[in-house]
Amino acid sequence: MNRWEPVIGLEIHVHLKTRTKMFCACAVEYGAEPNTLTCPVCLGHPGTLPVPNARAVEWTVKLGLALGCEIAAHAVFHRKNYFYPDLAKGYQISQYDEPLCRDGRFLVPTAEGELEVGIVRAHLEEDAAKIVHVGGAGGRIGGADYSLVDYNRAGTPLVEIVTRPDLRSADDARRFLQLLRQTIVELGISDAEMEKGTLRADANISVRRAGDTGLRTRTELKNMNSFSFIARGIEAELARQVEVWESGGEVVQQTYDFHADTGALTARRTKEEAEDYRYFPEPDLVPLSPPPELVEPVRRQLPELPGARVGRLRADLDFEAATGLVTSGRDRLFEAVVAAGGEPRPTANVLMNQFATAGVDPAAVEADEFAKLIAARDRIPRDTFLRAVAESGRPGFAAEPYLAEAAISDTDALAPLVERVLAENPKQVASYRGGKEGVLGFFVGQVMRETRGKADPKVVNELVREKLRA
Ligand SMILES: [Zn+2]
């Protein structure tokens with residue numbers, strides 16, 4: 001693998017969470033009764049006319065600016081023609097050679113520094129209906145008894161982002177997507193949830209000899225619905241291509257599905273890929289010309305981007321912790337807690353573990369109170385600390401009552417308990433005395449359990465050592 005360099009580009013689809021669809025007034029909603037959010041426009045009745053959603057245009061501009069793109073002075077909607085029941089009109093309104101946003105760059109921090117990922121384009125289009133094939137294997141049309149179409153999704157606004165093939169590992173691709181997702185969420189334009197399908201990503205993958213600059217044949221990887229599946233899918237496809245080249249074969253341009261449950265890649269039938277969409281400008285829509293009065297205020301209001309924030313946090317934290325805080329949306333709370341006196345590393349640790357497990361909303365937490373908890377974390381009983389962390393997002397939360405619950409550090413109170421635990425576990429005592437020092441943790445754990453986590457672990461540790469020496 002070292003002799004081969006991965007070359008990866010991504011195509012990402014983002015559902016905008018506008019109130020209404022792209023070209024009609026139907027509501028955008030997930031989980032509604034099938035075919036209840038439709039009208040003559042999104043059902044493609046003859047004679048109906050599309051009216052663009054101004055909010056969707058504004059949000060695409062916003063996203064384009066965050067991706068460092070140029071915003072076109074003249075963008076055109078095209079018809080992408082194809083025959084399939086997921087679009088009743090017989091074409092999808094999309095953008096072709098004059099997209100709304102183009103030529104951007106997005107910075108992705110890496111363990112070694114920073115990677116600049118070129119953005120070819122970001123354009124606006126409408127989504128197709130959802131088709132469910134019933135009775136076939138794995139939801140495929142082959143072998144299905146019948147198919148159902150739900151037009152609620154037809155006509156919902158979708159942004160497609162295409163990157164240059166600048167990513168050099170599956171990990172880079174995953175991190176790029178996590179930072180992109182966080183950017184989208186913070187811009188307030190989409191929930192961008194892979195599980196719900198409001199963020200979807202396909203990867204274009206090839207490999208080349210280390211040192212080469214040309215590109216070899218690429219394949220497309222689809223059907224990946226989580227960040228870890230994407231990384232695993234890309235790894236699997238890279239390994240497959242290297243093996244093909246090394247065994248004297250040739251990689252064929254094709255589309256693959258990655259099956260996360262088995263780790264297998266399956267090639268799609270080439271027929272499904274035939275791409276001749278006879279694009280032509282949509283005659284029912286005038287070109288889009290976002291005026292500077294629309295673009296400039298949006299540009300000025302852009303928040304600091306997640307990639308830049310990871311760069312800043314690295315002064316205090318290791319790369320993984322910095323990335324984790326930013327991509328989980330906890331970095332602003334982290335910085336506020338540190339500003340209020342919290343030590344950086346323990347604060348990051350608690351936010352990424354106990355805080356995350358408890359599912360607390362970072363925006364609801366008072367940094368001053370949280371900093372007090374962090375400072376007291378070794379002094380108060382473990383279960384009290386965990387309880388306080390879990391409650392820290394409640395309105396009016398104060399650390400004080402929790403800090404008052406002192407850990408049991410009284411040696412006289414703990415000694416009999418330690419003695420009893422040792423007496424009840426003679427085998428473990430023997431193995432400790434026989435040199436297995438790791439058993440110490442077992443005894444401490446037992447005492448902590450007996451006190452329901454209220455004992456001071458440091459005192460218990462010392463006591464257990466002392467008694468075992470005796
Ligand atoms: Zn409609």
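**View 1. Helices α2 and α3 pack against each other.** Here α2 (residues 170-187) and α3 (residues 227-246) meet at an angle of about 155°, their axes 8 Å apart. Helices are DSSP runs of H or I, at least four residues long, numbered from the N terminus; axes are lines fitted to C-alpha atoms over the stretch in contact, and angles run from 0 to 180 degrees between N-to-C directions. That makes the pair roughly antiparallel (over 145 degrees). This is a predicted model, so to speak of local features takes pLDDT of at least 70 and side-chain atom pairs count only at pLDDT 80 or more, while totals for chains, interfaces and linings use all residues. Residues are numbered from 1 along each chain as its sequence is written.

**View 2. A look at who touches whom between α2 and α3.** From α2 come Ala 170, Asp 171, Ala 173, Arg 174, Leu 177 and Gln 178, and they meet Phe 227, Ile 230, Ala 231, Ile 234, Glu 235 and Leu 238 of α3 (contact means C-beta atoms, placed from the backbone, within 7 Å).

View 3. Within α15 (residues 440-450), Phe 443, Val 444, Gln 446 and Val 447 are buried (20 or more other C-beta atoms within 10 Å of the residue's own; exposed is 12 or fewer, partly exposed in between; C-beta atoms placed from the backbone).

**View 4. Just past α15 comes Arg 452.** Arg 452 takes a positive phi of about 50°.

Methods: Helices (H or I, at least four residues) and strands (E, at least two) are DSSP runs, numbered from the N terminus. Angles under 35 degrees count as roughly parallel, over 145 as roughly antiparallel, 65 to 115 as roughly perpendicular and the rest as oblique. Two residues are in contact if their C-beta atoms, placed from the backbone, lie within 7 Å.
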